[in-house]
Amino acid sequence: MATETSTGTGGGASAEPEYTYPFHRPSAVEVPPVYEELRAKCPVAHVRLPSGDDGYVVSRYDDVRTVLSDLRFSRAATVEPGAPQLSKTPPLAGGLFTMDPPEHTRLRKLVSREFTARRVHNLRPRIQELTDDLLDKMEKLSPPADLNTELAFPLPVMVICELLGVPFEDRDRFRAWSDAFVSLTSHTPEESLAQRKSMVEYLAALVQRKREEPTDDLLGALVSAHDEQGSLSEHELITMGITLLVAGHETTVSMIGTCVLTLLRHPEHLDALRESPEKMEHAVEELLRMNPIGDGGPLRVTLEDVELGGTVIPKGSAVLAAICSANRDPEQFTDGPADRFDPARPSATSHVALGHGAHFCLGAALARAELQIVLSSLLRRFPDLRLAEDVANLRMSTGMMVHGLTRLPVTW
């Protein structure tokens with residue numbers, strides 16, 4: 001298909017979209033094959049979004065980095081009246097995901113110190129302790145077991161709950177709220193908005209309790225920043241709590257499952273990592289490259305006409321940066337087939353699985369630490385870990401912005 005050139009204004013385009021987003025995944029271990037076609041022939045593809053609005057999906061590595069970092073592609077514009085939407089549920093305004101600099105910078109600075117490499121380094125012993133406790137419980141089970149249930153879900157929730165100061169016993173409620181928060185089509189707009197309302201009410205009540213009984217945690221610090229310094233509004237405070245709670249566990253839950261699956265499907269690399277555990281840090285970068293949490297990052301809207309990849313994207317258009325496609329672009333990853341898992345790949349660290357630019361993942365250091373600790377501990381404690389079912393039986397969650405395995409049955 002020839003690259004189309006669109007002109008005009010607003011979120012629409014001159015012709016009906018040829019593609020419907022999200023694209024079909026043939027199995028739990030394959031990315032949508034259409035991306036290979038798009039990178040070669042239509043790097044800026046006109047698509048129909050789940051909301052019914054038109055938009056564009058950008059698939060080449062260099063173009064994806066441009067969308068992620070160029071401020072002409074705005075997050076804040078997604079909550080403006082009449083803006084094109086990704087799903088039929090409007091995004092939550094007032095948070096990091098729907099702000100541009102300098103407002104985004106102001107809010108990010110309030111919490112960034114909790115996610116620095118030094119702070120995360122100091123957290124590693126606690127993450128290791130939590131991981132060991134979960135593996136102790138898993139070891140006592142009669143295999144097979146669902147690794148999602150026993151490890152991939154509880155660990156990130158425990159970590160973010162301790163960091164934020166949120167009761168872990170409410171984890172089942174978090175899961176329901178998060179699933180609705182990242183829904184494309186898995187929930188109706190009414191269901192998503194009802195869950196969002198419930199989550200806002202929960203965080204508002206928790207914030208009030210921390211006012212009455214101050215705590216030494218991140219949410220307590222944000223309450224102090226609001227009450228004593230006026231650094232953020234009450235709405236921004238609650239929205240920040242929601243953002244950190246959802247992003248702090250939903251993405252890492254999905255990554256743990258898909259990264260473990262990738263290793264189990266490549267036993268030769270699994271054995272090599274057991275013999276040389278010091279190589280796990282770099283292997284995690286390749287695992288992130290191969291297993292991004294979604295096809296595209298959060299939606300952006302163009303603030304002016306932008307030429308990209310031979311296409312003029314009109315002002316007011318919805319744009320998705322296809323991170324999973326960028327991470328397999330053979331023009332960028334030239335040290336071996338780009339769609340092949342190679343934990344020693346030198347170029348692995350140039351992936352964009354954690355974003356790029358002003359919205360680079362706030363919790364990147366924490367996510368890396370959790371993955372390194374979980375995978376190293378799992379390989380050490382369960383040297384004969386293997387899939388308990390044929391990989392063809394595994395499924396990814398559908399209708400959501402974040403892709404995760406619905407279950408991961410393992411045995412040992």
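Me: Which residues does Ser 51 touch, not counting residues up to four places away in sequence?
Reply: This is a predicted model, where local features need pLDDT of at least 70, side-chain atom pairs count only at pLDDT 80 or more, and totals for chains, interfaces and linings use all residues. Residues are numbered from 1 along each chain as its sequence is written, and side-chain values use heavy atoms, with hydrogens and water left out. Contact means heavy atoms within 4.5 Å. By that test, Ser 51 touches Gln 85, Leu 86, Ser 87 and Lys 88.

Me: Is Ser 51 buried or exposed?
Reply: Buried means under 20% relative accessible area, exposed over 50%, partly exposed in between (1.4 Å probe, protein chains only). Ser 51 has 15% relative accessibility, so it counts as buried.

Me: Are the rings of Tyr 21 and Phe 23 stacked or edge-to-face?
Reply: Rings of Phe, Tyr and Trp (its six-membered ring) pair if their centres lie within 6.5 Å; planes under 30 degrees apart count as stacked, over 60 as edge-to-face and the rest as tilted. The centres of Tyr 21 and Phe 23 are 5.5 Å apart. Their planes stand at 85 degrees, so the pair is edge-to-face.

Me: How many residues apart are Phe 382 and Trp 412?
Reply: Phe 382 and Trp 412 form an edge-to-face aromatic pair. Both are buried. The pair links distant parts of the chain, 30 residues apart.

Me: Which ring does Arg 289 lie over?
Reply: A charge sits over a ring if NZ of Lys or CZ of Arg is within 6 Å of the ring centre and within 35 degrees of the ring normal. Arg 289 is 4.9 Å from the ring centre, over the face of Phe 333.

Methods: Helix = DSSP H or I, 4+ residues; strand = E, 2+ residues; numbered from the N terminus.
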